[in-house]
Amino acid sequence: MARQIVIGLEVHLQLLTKTKLFCSCSAEYIGHTPNSNVCPICLAVPGTLPLLNDGAVALASRLGLGLHCTIQNYSTFGRKNYFYADLAKAYQITQYELPVATKGYLDIELGGASKRVRIHHLHLEEDAGKLVHPTADGRLTGAAYSLVDYNRGGVPLSEVVSEPDMSSPAEAKEYVMRLRQLARYLDVSDGEMESGSLRVDANISLTNADGTLGTRVEIKNMNSLKALERALEYEISRQNKVLDSGGRIVQETRLWDDAEGVTRSMRNKETASDYRYYPEMDLAPIVISDSEIEGYRQSMPELPQEKRLRFAQSFGLSGEEIAILTEQKALADYYEATVSAGAPTARAANWIRMEVLRVLNELGQDISEFRVKPDALAGLVKKIEQGDISSTIGKDLLDLMAREDLTLDEAVKRLGAPQGRLSGDALRELASRIVSSQPDVAETIKNGLDKKGGKIKFLQGLVMKEARGQADPNEVAGCLSELLGS
Amino acid sequence: MKMTVDRDITLKMAKAAQLRVEPEQVEKMMNSINDILDFCALVGDLDCSGVPDFMWRMRKLPSRRPDVPKDWPDREIFESKAPTFEGEFFKTPRIMAEG
Ligand SMILES: [Zn+2]
């Protein structure tokens, strides 16, 4: 019997507060002068006292509610002791015994099937500073000393701890994607793995032959979703090999080495940390009243899953279309505004999915920066739906509107596209112009030498091209035969 | 029950705490730790029956503050008070245990 894969994840999300968790320093640190956002509290000057940021409690509660957790009326802080230069106090203030939110779930979808991953709890804690190692190759080994920037020290984190409910690397990746989407919908965190505002640690084990749980290994240092998947796949095959050869899995922490594509044992027993958790006596417990929780609940926006369901019911879109449109809240809002402005639901979905995302990608913009506002896109899509302009022209118009900040009318003028379809006198005039520009071809047709109809088709093509497709082919043929007496 | 530490345990503790202790400093450190242990033994003699293990001290101040940034006005003081500072960074002994 194949061993079952058992994965649980601990995800750290940096909260989008303006200030740090326990002091009024700005929580911004990327691109700032090192040690510019620091104060006696986050530098652990003796005699200072931390004071909890109300905004961090609100964001952690929102995330907890989004994960269907119970928000606790009473939770406490503790100290996790470890000695490392990125930690000014030599301990991290975290929640250990009583976290702020407990027992929730997050539904994930994979290959059309839905799966519920249970959330054990969510807690608040402070981030550490950043070490800079002054060696030529940037590696620790050989550095004579370390340089520390405490701007990040004390920035609020929310750690979301799942139950070991995932059974493949793909599920783990999907879980992180859904959690990140939720955090973004709730404006709780920007969830960027590359910049470190979302960090994932994984616990992974394989079941024993009798189905009981095996020894679990913790993996750290995965800086992208791809790294998460690769690290888990590597670890599964490593553990299988160890077990196949009759060996035992050691309970340990391993670091993912992305360049080498392997996990490595991090520390031996000799230096294994004993965090000596104990209560943080400098901070009062977090007391959240029922009415405060109700207030957070009232302020919750529609969650991604609820939005997907509503999009399916209201707009009759396919699962794939819905997944793309609802991935970002701003894009889903854009779609709804386009539909509200009168665009047909299916065509608007198709245009946003294919063309708007293409242009955004080419311009390196996100939807909030997009110059074509929903009512303008609705105007364009309506014209296409009514057959006033072809899809090809529509794409050119969208490009112009987005790149040069033009209205639909301005773009039409700039492109020289005919306003609507060409027919009647305007079409006859165009056909006549084309005929005069091709005297030899016209002569051949007039003399009845266009036996196979190739020449007349050639002229039809020229007219259609000049009309940018905005003419009825039958009417074009009629005009030409009128002019050439064929 | 009264506990004491000897030279060996003192050195072991220093290692666990990643402290550098010169041979001539060991005795002073050992005596300090034993003073602390003596004090603990003294406190241990108190009758604490019915008293909870841990209580948060009462605080008259609010327990949360609004999320409004404030700059610390006197940044230079950190630089001048820090044992070592280089450029814009605090400078610390190199990380000892790695890999
Ligand atoms: Zn501070």
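This is a predicted model: local features need pLDDT of at least 70, side-chain atom pairs count only at pLDDT 80 or more; totals for chains, interfaces and linings use all residues.
**Entry 1: domains of chain A**

I looked up how chain A is divided. The assignment gives domain 1 (5–295), domain 2 (302–415) and domain 3 (424–484). I then checked the spacing between two of these. The C-alpha centres of domain 1 of chain A and domain 3 of chain A are 70 Å apart.

**Entry 2: make-up of chain B**

I went through chain B next. I found three helices and three strands in chain B, and along the sequence they come in the pattern α-α-β-α-β-β. Chain B has 99 residues, and 18% of them count as buried.

**Entry 3: a nonpolar patch on chain B**

Which residues form a nonpolar patch on the surface? I noted Phe39(B), Leu42(B), Val43(B) and Leu46(B), which together have about 420 Å² of accessible area. I followed up one of them. Leu46(B) sits in the loop between α2 (26–44) and β1 (64–65) of chain B. Its relative accessibility is 57%, so Leu46(B) counts as exposed.

**Entry 4: cysteines**

For my own reference, a disulfide is a covalent bond between the sulfur atoms of two cysteines.

Leaving aside neighbours within four places in sequence, Lys103(A) touches His68(A), Cys69(A), Thr70(A), Ile119(A) and His120(A). Lys103(A) belongs to strand β7 (residues 101–110) of chain A. Is Lys103(A) buried or exposed? I have Lys103(A) down as exposed, because its relative accessibility is 66%. I also took a C-alpha distance: Lys103(A) and Leu67(A) are 36 residues apart along the chain, and their C-alpha atoms are separated by 8.7 Å.

Ser24(A) was next, in the loop between β1 (5–14) and β2 (52–53) of chain A. What is Ser24(A) in contact with, leaving aside its neighbours within four places in sequence? I listed Thr19(A) from chain A, and Arg65(B), Val68(B), Pro69(B) and Lys70(B) from chain B. Ser24(A) counts as buried because its relative accessibility is 17%, and the cut-off for buried is under 20%.

**Entry 5: positive phi**

Most residues other than glycine have a negative phi. I noted two exceptions. Ala90(A) has a phi near 70° and lies in the loop between β5 (78–81) and β6 (91–94) of chain A. Ala90(A) is partly exposed, at 28% relative accessibility. For Asp405(A), phi is positive at about 60°. Asp405(A) is in the loop between α10 (391–404) and α11 (408–415) of chain A, and with 47% relative accessibility it counts as partly exposed.

**Entry 6: salt bridges**

How many salt bridges are there over all chains? My search of the whole structure gave 41.

Asp165(A) pairs with Arg118(A), with the closest N and O atoms 2.7 Å apart. This pair links distant parts of the chain, 47 residues apart: Asp165(A) is in the loop between β11 (156–162) and α2 (169–185), and Arg118(A) is in strand β8 (residues 113–126). Asp165(A) is buried at 16%, whereas Arg118(A) is partly exposed at 44%.

Arg347(A) pairs with Glu385(A), and here the closest N and O atoms are 2.4 Å apart. Arg347(A) lies in helix α8 (residues 345–363) and Glu385(A) in helix α9 (residues 374–385), so the pair ties together parts 38 residues apart in sequence. I noted Arg347(A) as partly exposed, at 28%, and Glu385(A) as partly exposed, at 42%.

Glu355(A) pairs with Arg358(A) at 2.8 Å between the closest N and O atoms. Both lie in helix α8 of chain A, three residues apart, which is about one turn of the helix. Glu355(A) is buried at 10%, and Arg358(A) is partly exposed at 25%. Last, I noted a network: salt bridges with shared partners join Glu302(A), Lys307(A), Arg310(A), Lys329(A), Asp333(A) and Glu336(A).

Terms used. Residues are numbered from 1 along each chain as its sequence is written. Chains are lettered from A and ligands numbered from 1 in the order in which they are written. Side-chain values use heavy atoms; hydrogens and water are left out. Patches are made of residues with over 30% relative accessible area and no salt bridge: like charges are joined within 9 Å, nonpolar side chains (Val, Leu, Ile, Met, Phe, Trp, Tyr) within 5 Å. Accessible areas come from the Shrake-Rupley method with a 1.4 Å probe; for residues, only the protein chains shown count as cover. A salt bridge is a side-chain nitrogen of Lys or Arg within 4 Å of a carboxyl oxygen of Asp or Glu. Helices (H or I, at least four residues) and strands (E, at least two) are DSSP runs, numbered from the N terminus. Buried means under 20% relative accessible area, exposed over 50%, partly exposed in between (1.4 Å probe, protein chains only). Domain bounds come from an automatic or database domain assignment. Contact means heavy atoms within 4.5 Å.
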